[in-house]
Amino acid sequence: MDLDSTCAISRSLAVLGERWTMLILREALAGTTRFADFRDDLGVASDILTDRLVTLVEYGALTKEPYQEVGARTRYEYRLTPAGRELQVVLGALQQWGDEHLAWPDGPSVLRRDRRNDRPLHVGFVDDRGREVALDNVAWVRTAVYPT
């Protein structure tokens with residue numbers, strides 16, 4: 001993993017950029033916590049799922065907590081940390097982009113809504129006063145030199 005890069009996007013992709021990682025996080029945000037449920041819901045191979053879960057735990061997006069059903073061996077649940085819950089913004093942005101540019105014929109599979117009033121939500125940039133900023137007004141100002 002390239003966690004030494006000065007680029008935060010590169011460092012983030014070193015942790016989150018592997019195939020299946022975002023789908024695991026999507027399932028965790030939907031309430032999935034157990035290995036077998038992740039495996040069955042996603043159809044991912046156990047060795048790949050193990051690798052992705054270990055990485056997400058190692059870098060603080062998930063915690064690993066033991067549980068034991070009566071008469072069974074100890075197993076583990078994977079729960080989102082606050083850092084993991086913050087990734088719903090990233091997942092929401094990916095979903096929003098996919099709905100706009102790779103639309104499914106039957107419409108979106110998930111709607112983003114405000115829990116308080118059921119109003120539709122979209123992902124965007126917000127300034128330090130809480131006001132949305134149009135994409136045309138967003139500037140990416142480099143503060144470090146990093147490879148392109």
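Predicted model: local features only at pLDDT ≥ 70, side-chain atom pairs only at ≥ 80, totals over all residues.

Residues are numbered from 1 along each chain as its sequence is written, and side-chain values use heavy atoms, with hydrogens and water left out.

**Helix pair**
- Helix α3 (residues 35-42) and helix α4 (residues 46-58) pack at about 120 degrees with axes 10 Å apart, where helices are DSSP runs of H or I of at least four residues and strands are runs of E of at least two, and axes are lines fitted to C-alpha atoms over the stretch in contact, with angles from 0 to 180 degrees between N-to-C directions.
- Phe35, Phe38 and Arg39 of α3 meet Ser46, Leu49, Thr50 and Leu53 of α4, contact meaning heavy atoms within 4.5 Å.

**Pockets**
- The largest pocket has a volume of about 1,100 Å³, a pocket being an open set of points on a 1 Å grid where a 1.4 Å probe fits, with protein on both sides within 12 Å along at least five of seven lines, and lining residues having an atom within 4 Å of a point; a volume is the space filled by probe spheres set on the points.
- Of its 25 lining residues, Gln88, Leu91, Gly92, Gln95 and Arg112 are the closest to the centre, and α6 gives the most to this lining, with seven residues.
- The second largest pocket has a volume of about 630 Å³, and the closest to its centre among 23 lining residues are Val89, Val90, Ala93, Val123 and Phe125.
- To the lining of the second largest pocket, α6 again gives the most, with seven residues.
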